[in-house]
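User: I should like to learn how to read the features of a protein model, one at a time. May we work through some cases together?

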Amino acid sequence: MNNKILVITATLGNRSSLLRTIECVRNINVGNISHVIIAPKSRISDIERKYKIKCIPEPKGKKGIYAALNYGFYTYAKDYDYITFINDDDYWLPSFSKMIDILNKDSSIDFIYSKTLYVDENNRVFRKQSCSNQFYSFLDLFHRDIILFTQQTTLLRSELFFKIGGFDESYKLIADTKFWIELSLLKPNYRYFDDFTTCYMIQDNQLSSDKTVQRQEHYRLKKEYPVKDNIGMRIAEFKYRLINIGNYIQRLF
């Protein structure tokens, strides 16, 4: 059985990279995939004409990517088995289809994630993401300043989005990190696909490059989900570092 998958991209509609993001989803021929673009109302007609894709205006009176994502998922996700979201400057690799294959073969899986390649504005890979099969330790690792994965590489059973209550819109940059913490505490049936399935572009002018706000929100989130420094946390970090030691060595050279 092919699962119905909803992909949402929130965008201002002014990046040329949006075309590649749209095409990368179209090129994945596994499952029943619907891609919805959320953008300012003034950009809707231009995006629809240029890219021939379903496009809806961002919610009135609200700003920010997480408000847009919440609006999109609350509007459409109930009609889909799995959901994910991807930024307008990021894209899937062909290997993303293998994660969808896994879900199509095992209906018991609630959540699956993999690894991303970090690329620059010229699409050159400058770093490979470290990752591991430790989703239940997501909170412990977060308190050791380790983010286990990025949202581009995920597929989530849609009903869990509603169970958690979507993204906390009071966070400007890391509401998805809070969401993954809450998901990990639910102990869903997850799979880790140990491969690179997406590319994550790093640009100087993107929202996530605001390190001051990011540090403030990380501090706030750690206070919201406090964990005492303990041996279990240190073991989780040691395991993560050991698993990724090859990647660390590769970065040195």
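User: Is Thr21 buried or exposed?

Analyst: One compares its relative accessible area with a cut-off: under 20% is called buried, and over 50% is called exposed. In this predicted model, Thr21 counts as buried because its relative accessibility is 0%. The residue sits in helix α1, which runs over residues 18–26.

User: With which residues is Thr21 in contact, leaving aside its neighbours within four places in sequence?

Analyst: Thr21 touches Thr9, His35, Ile86, Asn87, Asp88, Asp89 and Asp90, once those sequence neighbours are set aside.

User: What span should α8 have, and how far apart are its end C-alpha atoms?

Analyst: Helix α8 holds 14 residues, 211–224, and at 1.5 Å a residue it should span 20 Å.

User: Which residues touch the most other members of the largest nonpolar core?

Analyst: A nonpolar core is read as a set of buried residues joined through their side chains. The largest has 46 residues, and Leu6, Phe73, Phe111, Tyr113, Phe149 and Phe167 touch the most other members. Another core lies apart from it, with 24 residues, among them Tyr82, Tyr91, Ile109 and Val119.

User: What is Phe167 in contact with, leaving aside its neighbours within four places in sequence?

Analyst: Its contacts are Tyr66, Leu69, Asn70, Phe73, Phe85, Phe161, Ala175, Asp176 and Phe179.

User: How many cavities of 30 Å³ or more does a search of the whole structure find?

Analyst: The search finds one. The largest cavity holds about 50 Å³ of space. Its lining consists of Phe73, Ile83, Thr84, Phe85, Thr154, Leu156, Phe161, Phe167, Phe179 and Trp180. Strand β4 (82–85) and helix α7 each supply at least two residues of this lining, and β4 gives the most, with three.

User: Which loop holds Lys52, and what is its phi?

Analyst: Lys52 is in the loop between α2 (44–51) and β3 (54–57). Its phi is positive, about 50°, although Lys52 is not a glycine. With a relative accessible area of 63%, Lys52 is exposed.

User: Where does Asn123 lie?

Analyst: Asn123 lies in the loop between β6 (111–119) and β7 (125–128). Asn123 is also a residue other than glycine with a positive phi, near 65°. Its relative accessibility is 34%, and therefore it counts as partly exposed.

User: How far apart are Pro94 and Ile28 in sequence and in space?

Analyst: They are 66 residues apart in sequence, and their C-alpha atoms are 6.8 Å apart in space. Pro94 belongs to the loop between β5 (91–92) and α4 (96–105). At 64% relative accessibility, Pro94 counts as exposed.

Note on methods: Residues are numbered from 1 along each chain as its sequence is written. This is a predicted model: local features need pLDDT of at least 70, side-chain atom pairs count only at pLDDT 80 or more; totals for chains, interfaces and linings use all residues. Side-chain values use heavy atoms; hydrogens and water are left out. Helices (H or I, at least four residues) and strands (E, at least two) are DSSP runs, numbered from the N terminus. The expected span of a helix is 1.5 Å times one less than its number of residues. Buried means under 20% relative accessible area, exposed over 50%, partly exposed in between (1.4 Å probe, protein chains only). A nonpolar core is a set of buried Ala, Val, Leu, Ile, Met, Phe, Trp, Tyr and Cys residues joined through side-chain atoms within 4.5 Å. Contact means heavy atoms within 4.5 Å. On a 1 Å grid over the protein atoms alone, a cavity is a set of points where a 1.4 Å probe fits but cannot get out, and a pocket is an open set with protein on both sides within 12 Å along at least five of seven lines; lining residues have an atom within 4 Å of a point. Grid points are joined across faces, edges and corners, and a volume is the space filled by probe spheres set on the points.
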